[in-house]
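Me: I would like to learn how to read side-chain features in a model. Please take me through one.

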Amino acid sequence: MFLPTKIYFLVFGLLTIAGGVMGYVKAGSTASLIAGGISGVLLIVAALLLPTHVVVGLALGLIVSLLLAGRFLPAFFKTGKMMPNGVMALLSIVGIVFAILAWLRK
């Protein structure tokens, strides 16, 4: 279960960085650039820690996914906009599920 989780965290991290860059380019949001960059790098680090440092990698991926879900899920329910709120909320929930399933199978 670690390989799919590792791949997901890598892809999720890259998409998060890309989303931060898009937020900066489209809206001039420096906060999006910084938050997307930090979150994306942390997700990539979580992926790179798997499978050698399982506890740290899964914990880091889970925490970042929870934080992103906490930011984007309420925003999606409030605005109903799929971009970026809905997409990031969905990616975050999938990240949480991957981390929990990998943890249960470790």
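Me: Is F98 buried, partly exposed or exposed?

Reply: Buried means under 20% relative accessible area, exposed over 50%, and partly exposed in between, with a 1.4 Å probe and protein chains only. F98 has 21% relative accessibility, so F98 counts as partly exposed. This is a predicted model, where local features need pLDDT of at least 70, side-chain atom pairs count only at pLDDT 80 or more, and totals for chains, interfaces and linings use all residues. Residues are numbered from 1 along each chain as its sequence is written, and side-chain values use heavy atoms, with hydrogens and water left out.

Me: How are the rings of Y8 and F98 arranged?

Reply: Rings of Phe, Tyr and Trp (its six-membered ring) pair if their centres lie within 6.5 Å; planes under 30 degrees apart count as stacked, over 60 as edge-to-face and the rest as tilted. By this rule there are four aromatic pairs. Y8 and F9 make a tilted one, with 6.5 Å centre to centre and 55° between the planes. Y8 is buried at 13% relative accessibility, and F9 is buried at 0%. The Y8 and F98 pair is stacked, because the ring centres are 4.9 Å apart and the planes are at 0°.

Me: Which parts does that pair tie together?

Reply: Helices are DSSP runs (H or I, at least four residues), numbered from the N terminus. Y8 lies in helix α1 and F98 in helix α4 (residues 82-104), so the pair ties together parts that are 90 residues apart in sequence.

Me: Which residues form the aromatic cluster?

Reply: Y8, F9, F12 and F98 form one cluster.

Methods
Helices (H or I, at least four residues) and strands (E, at least two) are DSSP runs, numbered from the N terminus.
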